[in-house]
Amino acid sequence: MRNTADSTRRAVITGIGVVSPIGIGRSQFWSALQTSQSGMTRISLFDASDFPCQVAAEIQDFQPTDYMTPRAAKSVSRSTQFGIAAWQLALQDSGLDPYDARNSNVIMGTAIDSHESINQEIARHPALLQKYEMVDPLLVQKVFIGGPASAVAAQAGCEGYVSTVSTACTSGINAMGQALRHIQTGQSRIVIAGAAEAPITRLIVMGFCSSGFFIDEKDDPLNCLKPFDKGRRKCAPGEGSVVFIVEDAAYATARGARVYCEIEDFAQQNENKAMFLPDKSGKIWAETIARVAGGQKVDHINAHGISDQLRDKIESMAIETALQRK
């Protein structure tokens, strides 16, 4: 598709909604970050006593009925519940009233969605695969990977573009990149963009443990993850959602919106030489950072930092290279 981005159209963030293991809502989340709170606990969402990894970043105090009716909560997956809640928090934070549904798009990222619904059904009916009558009639709706985007669009009354981005760990940032392009090309004045994930299920954790990707940890959730630390081991699962209100800057200014920041540019480049295995030099990461910076000084990098021996080393090399560029 031809890039018809208009450099005079600028994209700004005017609303932030957070549902996380260390806080629900922007203020609570930020306060927890400032005081170095950890969201890691022993897994409680299922019995993980026979797993090598028994820790995760769970959201402990989330009540879906604070954001939707009990009936609606039962009809969607846990990750979609997170997405709906984050959207409502972002909308409230943005002060968009009235909300322009006709000129709004929704772009949400998710990598592994709704497996808890499958786990629950199999646990409830071990003979599930033999008799279709036993299956929850809402199962298809719950396991739909586009569930968070579709549900948010429905709640928002969005009449524009609705899409799901699924690119593993970069799903959320890629959704934000698409939101920027939609503003620049004039496809929308408002884009609801972010990500939602709820992968702490028996099947998914089992798979990551089997692959050796998750840490072997049972007793010390608060101190087991050490990104970029010499004593780092591996990563652990987490869940949550963040949704941003991205607006055309002129539209936001006209309505007197509070602006958190401007999204100036976005770039992406594949650095995987094999699935989930990045280029070992870190060169491509550094090139992408430099491309976005456009020769300007890089003041901050929001690192991936998954506490993995190989990937943390590569990322640190890329960050060092990028910060050295003039």
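Predicted model: local features only at pLDDT ≥ 70, side-chain atom pairs only at ≥ 80, totals over all residues.
Two strands count as paired when DSSP finds at least two bridges between them.

**Strand β5 and its neighbours**

β5 runs parallel to β7, and six bridges join the two strands. Within this pairing, G109 has A195 of β7 as its bridge partner. β5 also runs parallel to β6 (residues 162-165), here through four bridges. V106 is bridged to V162 in β6.

Six of the six residues of β5 are buried, so the strand is largely enclosed by the rest of the structure. In a regular strand the side chains alternate between the two faces of the sheet. In β5 both faces are covered: S104, V106 and M108 are buried on one side, and N105, I107 and G109 are buried on the other.

**Nonpolar cores**

The largest nonpolar core has 33 residues, and V19, F62, W87, Y99, V106 and I192 touch the most other members. Two or more residues each come from α3, β5, α6 (147-156), β7 (190-197) and β8. The largest share is that of α3, which gives seven residues. Apart from this core lies another, of 18 residues, including M40, A48, A56 and V205.

**F62 and the aromatic pairs**

F62 is buried, with a relative accessible area of 8%. Leaving aside residues up to four places away in sequence, F62 touches V19, I24, Y67, Q81, F82 and A85.

The whole structure holds six aromatic pairs. One of them joins F62 and F82 edge-to-face, with 5.0 Å centre to centre and 75 degrees between the planes. The angle counts as edge-to-face because it is over 60 degrees. This pair links distant parts of the chain: F62 sits in the loop between β4 (55-57) and α2 (70-74), while F82 belongs to helix α3, 20 residues apart. F82 is buried, at a relative accessible area of 0%. Together with Y67, F62 and F82 form one aromatic cluster.

**Backbone exceptions**

Most residues other than glycine have a negative phi, and most peptide bonds are trans. The table lists three places in this model that depart from that pattern.

| Site | Backbone value | Location |
|---|---|---|
| D97 to P98 | cis, omega near 5 degrees | P98: loop between α3 (78-94) and β5 (104-109) |
| F228 | phi of about 65 degrees | loop between α8 (202-211) and β8 (240-248) |

F228 is partly exposed, at 38% relative accessibility. S307 is buried, with a relative accessible area of 1%.

**Cysteines**

A search of the whole structure finds zero disulfides. For C169, the nearest cysteine sulfur is that of C235, 8.0 Å away. C169 counts as exposed, at 63% relative accessibility. C261 counts as partly exposed, at 35% relative accessibility.

Key
Residues numbered from 1 in each chain as written. Heavy atoms only, no water. Buried < 20%, exposed > 50% of the residue type's maximum accessible area, 1.4 Å probe, protein only. Disulfide = S-S within 2.5 Å. Core = buried A, V, L, I, M, F, W, Y, C linked by side-chain atoms within 4.5 Å. Contact = heavy atoms within 4.5 Å. Phe/Tyr/Trp six-rings, centres within 6.5 Å; stacked < 30°, edge-to-face > 60°.
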